[in-house]
Amino acid sequence: MGKTSLPDAAKIKDELLKVYPTKVKRKRSKHITVISPEKEGDSIQANVRTVPGIITQRGCCYAGCRGVVLGPTRDIVQIIHGPVGCAYYSWLTRRNQTRPKSADAPNYMTYCFTTDMQEEQIIFGGEKKLKQAIQEAYDLLHPKAIGIFATCPVGLIGDDVHQVSREMSRELGINVFGFSCEGYKGVSQSAGHHIANNQLFKHVVGLDDEPIAGKYKINLLGEYNIGGDAFLLEEMFAECGFTLVSTFSGNSSYDDFCKSHNVDLNLVMCHRSINYMAEMMQAKFGIPWLKINFIGAQATADSLRIIARYFGDSELIDAVEKYIAQEMPEVEKAQAELRPRLEGKLALLFVGGSRAHHYQELFKEIGMKVVGAGYEFAHRDDYEGRKVLDGLEVDADSRNIEELKVEKDNTRYQARLSAEKKHELEKQGITLNHYEGMIPSMEKNTLSIDDISQFEQEKLLELYKPAIFCAGIKEKYGVQKNGIPCKQLHSYDYGGPYAGFRGAINFYREIDRIINTRIWKLIDAPWKEEEQIRADFAAS
Amino acid sequence: MLLRHTPKEINPRKALTINPAKTCQPIGAIYASLGIHKCLPHSHGAQGCCAYHRSTLTRHYKEPIMAATSSFTEGASVFGGQANLLQALDNIFTIYNPDIVAIHTTCLSETIGDDVPQIISKAHEDGKIPEGKVVISASTPSYVGSHITGFSNMVKSMALQLSGGEGRKNDQINIIPGWVEPADMRELKRLCQEMGLNTIMFPDTSGVVDSPQTGKFQMYPQGGVGLHEMRRIGDSEATIALGKFTSQAAAEALDAKYKVPCQILDLPIGLKATDRFINALRPYSRLKVPESINYERGRLVDMITDMQQYLAGKRVALFGDPDQLISLSEFLVDLDMRPVYVLTGTRGKKFLRRMQEILGQAVPEAKVQHAGDIFLLHQWIKNEPVDLLLGNSYGKYIARDEDIPFVRYGFPITDRVGHTYFPSVGYQGGMQLLERILGVLLDRKDRDTPEESFELVM
Ligand code: SF4
Ligand code: SF4
């Protein structure tokens, strides 16, 4: 399909809004942005509450906190304080892979711990039961750390998970800390990310000052090791000569978090879920951060080069170039093989808080065209870049999400870069502590849609007839019933890994497989057409 | 090891649940609501619950599962969710155009104390519910009971809020199928048809959560019990309710309201429970039990007689939901197997009583637990192993660690297909189940047997 045949995105936007009652139409209209040729002023509404009754992709604060950020850590016992459901649904459902260092090293990720709150606790309070539960978990497992997660009713009945955590910390002599991540807080998972960042920063980061051996010390933030992505990246860093101290949080452990303030640089993958941590580590310890992207081969190469230039050592720059040169031929071979089968096909991506941006890279690399993309729970800075941060208003729904006041740690703060070095990097186009957002990388006459609804999704499928739609598990089978493949970008449909160079090749092949599988051509029975003609004939 | 921290030694726990064998009420309410034609389930609470329930049901059914939410924010949690629900109803009918909205509550709206029936009346008064459209509701706090309770509560609401009758008995009976799969519901309808009966089954998820690939998404698939049918259930001759935990409440409510006598049976899983089901249908049929059904029964019995040697004496652990466990255990006993550990997360003394009837004499060493968790079941297994494990997909972690043949049964099954397409109720369902059990047991024998005694014929 050539460029000229693309429908007018503005008209499509009108179609998406038609059905809504006036008030809803006005609201939703602000969440749908037609990308203009210059893109500069393209603005979008995000991180505001979903209209009740709209079928949304979004989940809750608890899911963002326990499910996304803390979930992938194997050796913190995570007790969910609340009725059983919230704990149950976040039990092993996110595919965060983990590799304990030995056969008897702790790994609690296969377990689900909950206080399974009953009516009695709703009426009389649940703190006693929570304390007892912490004690029982300790007696059984003797972990180094226990995290307590509050679900919806807990805040309402006034249980204080922080007070209980402090008491039990003292009593047991281990690190026990709480998360007030009740599901009604904020407007989506996003509030939970923030709360998780805050508590990890307050209670864990910086506990271990033991110097770390190795050169080019980095943390990888916002990488959750879905389908083994982090494993591939760990290998990549090792081959290039980096020292990866901690990943927040994929294949991660408590001890790694504790010493994560001893690095030279933080790398940020999913800006939405983890930028708070990066900012706080910058403020307290002086660690700069770089927004990078390891989804897409070119993006991976670019990211590696930027990191190497940050450190500036020719030894590292050479190692990175060598690694890229070693990996690229296979990537190019796969691209050349698959492009003819995929070139020009349309893709739509509506997912998460960073993937809708990152995965556009992979589609472009195989010649596909992204005509619409949007996030489930991101903020305006993820769309338009951090330049909008100063003007962002915090509304009533987000006002109560604590913003930690972080100050310089006078003994441990250490500026990693001189002002000149920073300036020099900027001259090379490398801006620290910055994210451009998704919109600048999109093409004109495409759509950016925030918190897409089920109805809008259906309309887009009807109007664009894309070759592929990317979303999550709730959307998957509705899309596919239309005869259009849906690739899950949360769970990867139990495939992957897709990060880095080898991951990119996996992804190209996966997209070819899902689009070109024979079954899409076998949906209609062989007699359907003939019978239709006969029926039409009889009717005329 | 996947569950490396599970010790053999069992210390009682009072407050900590580890690896639950139940989940929360609303998901059951949604599943029941999906069994009504053109119904959109609605979750009155914060949107996370609804997202989780939809995801879990989707993983089990591999089908689109639609449900809306009141999307509570902190404000709604303080001031109550009335405004949210009114707005939601308005939007739902305008945008998604269902015939029925079935509202269930969550822990949040229950803790706040929202009065949903009152809000629905207000919605009617405000003209937010279009002519001819229906809204029903069930109270489903998750700090009481389990997903089973939620299912039961919504079915009861259907029986009370959608039912109608003219006071004249019709030649028809109601079937309340309990929490079974769409294939089971289809099979139950077929058996009733073979018996020459007119039936109304509610809920009926067949054709809803197992809809065909047609190239066109249907927001409301063809299946589900129709509103016009529900309006006649008060005139039925009788109600046959399957499963005490999931169907009794609805059947009794209907009896109280319209004097439709009810019989509560075990789920017809396995030989004897199916016999009782067919027997219960007989008084309402003018026909003798048709030969076709006798044949089906005969084939199941034949299969058991042929393969009995591989089943006898095998120790089985099973976990899941009470209604299923009751019938499964009875079936296993009829196969001469030994259900030594039977555990549900749902609370209920009547479960223990019924299990005592089934296992008391036959398997005196059996351990039966209500309100238990899978962690405990695993510990039992560590203390004295079993030959077979039956349960939902979470069982695979135990099965792998302990190297036990494993048959997936129950909810949720997130890693295999078939459970929604092939019935396990009725005689044919019994054969399916038996085939799967035999499959894993014989595969195991083939894997472990020394080369010289490897058998071609078994
Ligand atoms: S808050 Fe209650 S209803 Fe919602 S998922 Fe948790 S347990 Fe279930
Ligand atoms: S955007 Fe998606 S992948 Fe990234 S943190 Fe969020 S949920 Fe995870």
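Trainee: How do the residues of the shell around ligand 1 divide into nonpolar, polar and charged?
Mentor: There are 7 nonpolar, 4 polar and no charged residues in that shell. Ala, Val, Leu, Ile, Met, Phe, Trp, Tyr, Cys and Pro count as nonpolar, Asp, Glu, Lys and Arg as charged, and the others, Gly among them, as polar. Bear in mind that this is a predicted model: local features need pLDDT of at least 70 and side-chain atom pairs pLDDT 80 or more, while totals for chains, interfaces and linings use all residues. Side-chain values use heavy atoms, without hydrogens and water, residues are numbered from 1 along each chain as written, and chains are lettered from A and ligands numbered from 1 in written order.

Trainee: Where does ligand 1 lie?
Mentor: Between chains A and B. Its surroundings (residues with a heavy atom within 4 Å) include C86(A), Y89(A), C24(B) and H53(B).

Trainee: Which element gives the largest share of that shell?
Mentor: α4(A), with 3 residues. Helices here are DSSP runs (H or I, at least four residues), numbered from the N terminus.

Trainee: And what surrounds ligand 2?
Mentor: Residues of chain A, among them R94(A), Y224(A), C270(A), R355(A) and H490(A). That shell splits into 4 nonpolar, 5 polar and 2 charged residues.

Trainee: Switching topic: how many residues does each chain put into the contact?
Mentor: Chain B gives 73 and chain A gives 82, where contact means heavy atoms within 4.5 Å.

Trainee: What area do they bury?
Mentor: About 6,800 Å² between them, 62% of it on carbon and sulfur atoms. Buried area is the accessible area (1.4 Å probe) that two parts lose on being put together, summed over both. In chain B, H5(B), Y52(B) and Y143(B) lose the most area to chain A, together 11% of what that side buries.

Trainee: How many salt bridges are there between chain B and chain A?
Mentor: The count is 2, taking a side-chain nitrogen of Lys or Arg within 4 Å of a carboxyl oxygen of Asp or Glu. One of them joins the side chains of E63(B) and K481(A), at 2.8 Å, N to O.

Trainee: Which element gives the most to the lining of the second largest pocket?
Mentor: That's α12(A), with 6 residues. The lining as a whole has 16 nonpolar, 11 polar and 16 charged residues.

Conventions. Helix = DSSP H or I, 4+ residues; strand = E, 2+ residues; numbered from the N terminus.
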